[in-house]
Amino acid sequence: MRRKRKWLHVAVVLMLSLSVALAACSSSKDVGGKDGKTGKIVLYSPETPDMSKELAQAFEKAFSGSKVDDQYGGTSVIVNKLIAEKSSPKADVWYGGGGIFPFESAKSKDIITSYTPEYAKDWKVVQNGIKMRDDDWDWVGVNVFVLGFIYNTDLVKKEDAPKTWDDLLDPKWKGKVQMPNPAASGTATLTVLSQLMKRGDDEGWKYFEKLVEQTNAIPDSGLAPSQAVAKGEAEVAIAFDFMAYEMQGRGESVDFVVPDETPILVNPATLVKDGPNPEGGKQLIDYLLSKEGQELFAKWYMIPIRDDVESKTPLNLEKVLPHAQDLDYDWVVKNYDRIREEWQEKFD
């Protein structure tokens, strides 16, 4: 009897050991990478939720066993969340944020890390006057954004639409303009940074004092002003090109103006430092740069970064480059947080 109990005890111990081993293997599969499966990937993105959802579904279809948990939030919300989670990161990839400036600033916060995608391995830091990637590969561009003006075509004739940033100060637009809040939106932060860079602090802040007087609302969301224009709640708004063309594609009465001199930036993706699934995160970034991923961006009216994928809008890189503002990226890194804080002090 004792011998039987002894063997029963041994059998139980072996079963428990096997269960622990299987649990460890299962945990490894959930993380992904080592066994060839992608596993669960957590994506933080401020981009159009419907587009991000479609992107996640397309990736999951392309890679069996993968699962993308797409979590939406404004750019500033995402950055603050990444900082708060720094000791125990929850995300693997951060994609999008009104261009490169939030990513440039994030480097100093030690919340992102380097990765060199195969497709981008031969990219120079700056190509055709546009910064395509971080010097240390902490981020890479995956599509191109143009900052400009969306206007309601039922309320504004094409010839009357603003063509320059100074045109927004014309008295005829008083109470008819919207812009997003730089305290929450990457789109608006880019607007403020680019104008202060061009005009200097004194003249730049005077410009925004006048511009704020022209507005009827300054919502937190980067997309909200475009939605207001489509509804006729504003006649003109500051927006990215894809916002306007996406609405136009849905039949909304809107169009887009590329100002004579304006920020033209790549919209990046990056690995979150010490994220739970770095191998899965790398695979997702590779997918964003793949032809299939770029075609999805083009479908959502974004300018693709690959020259073998056709833009679905009137804009492409060749057409917009003559409008590109010369941007001082080092200045951005040094002044990003200061400018946002000063905006809050002055206007919030």
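1. Start with Asp 274, which is exposed, with a relative accessible area of 58% (exposed means over 50%, buried under 20%, partly exposed in between, using a 1.4 Å probe and protein chains only). Asp 274 lies in the loop between β12 and α9, and its phi is positive, about 60 degrees, although it is not a glycine. For background, most residues other than glycine have a negative phi. Elements here are DSSP runs numbered from the N terminus: helices are H or I with at least four residues, strands are E with at least two.

2. A word on the basis: this is a predicted model, where local features need pLDDT of at least 70, side-chain atom pairs count only at pLDDT 80 or more, and totals for chains, interfaces and linings use all residues. Residues are numbered from 1 along each chain as its sequence is written, and side-chain values use heavy atoms, with hydrogens and water left out.

3. Now the overall picture. The protein chain has twelve helices and 13 strands, and 52% of its 348 residues count as buried. Take the contacts (heavy atoms within 4.5 Å) between residues at least 6 apart in sequence: 76% of them join residues at least 24 apart.

4. Trp 137 deserves a look from several sides. Its phi is positive too, near 65 degrees, in a residue other than glycine. Trp 137 sits in the loop between β6 (130–131) and β7, and at 15% relative accessibility it counts as buried. The charged end of Arg 133 sits over the Trp 137 ring, 3.9 Å from its centre; the test is NZ of Lys or CZ of Arg within 6 Å of the ring centre and within 35 degrees of the ring normal.

5. Trp 137 also turns up in the lining of the largest cavity, along with Thr 113, Ser 114, Tyr 115, Asp 138, Trp 139, Val 140, Ala 269, Thr 270, Leu 271 and Ile 285. On a 1 Å grid over the protein atoms alone, a cavity is a set of points where a 1.4 Å probe fits but cannot get out, and lining residues have an atom within 4 Å of a point.

6. Strand β12 (residues 264–272) gives the most to the lining, with three residues.

7. On to the aromatics. There are 17 aromatic pairs in the whole structure. Tyr 95 and Phe 297 form one that is tilted, 5.5 Å centre to centre with 40 degrees between the planes. The two are 202 residues apart, with Tyr 95 in strand β3 (residues 93–95) and Phe 297 in helix α10 (residues 291–299). Rings of Phe, Tyr and Trp (its six-membered ring) pair if their centres lie within 6.5 Å; planes under 30 degrees apart are stacked, over 60 edge-to-face, the rest tilted. Both Tyr 95 and Phe 297 are buried.

8. Staying with α10, its buried residues are Gly 293, Gln 294, Leu 296, Phe 297 and Ala 298. They pack against α2 (49–62), β3, β7, α9 (278–289) and β13 (303–304). After α10 comes Tyr 301, with a positive phi near 70 degrees.

9. Helix α7 (residues 224–231) is mostly covered, with six of its eight residues buried. Partners of its buried residues include β7 (140–152) and α8 (241–249).

10. Ile 339 is in helix α12 and, at 1% relative accessibility, counts as buried. Beyond its neighbours within four places in sequence, Ile 339 touches Val 192, Leu 193, Leu 196, Trp 205 and Trp 331. Trp 205 in turn belongs to an aromatic cluster with Tyr 207, Phe 208, Trp 343 and Phe 347, and Arg 199 lies over the face of Tyr 207, at 4.1 Å from the ring centre. Also in α12 (residues 329–347) is Gln 344, partly exposed at 39% relative accessibility.

Definitions and conventions:
1 Å grid on protein atoms, 1.4 Å probe; cavity = no way out; pocket = protein on both sides within 12 Å on 5 of 7 lines; lining within 4 Å.
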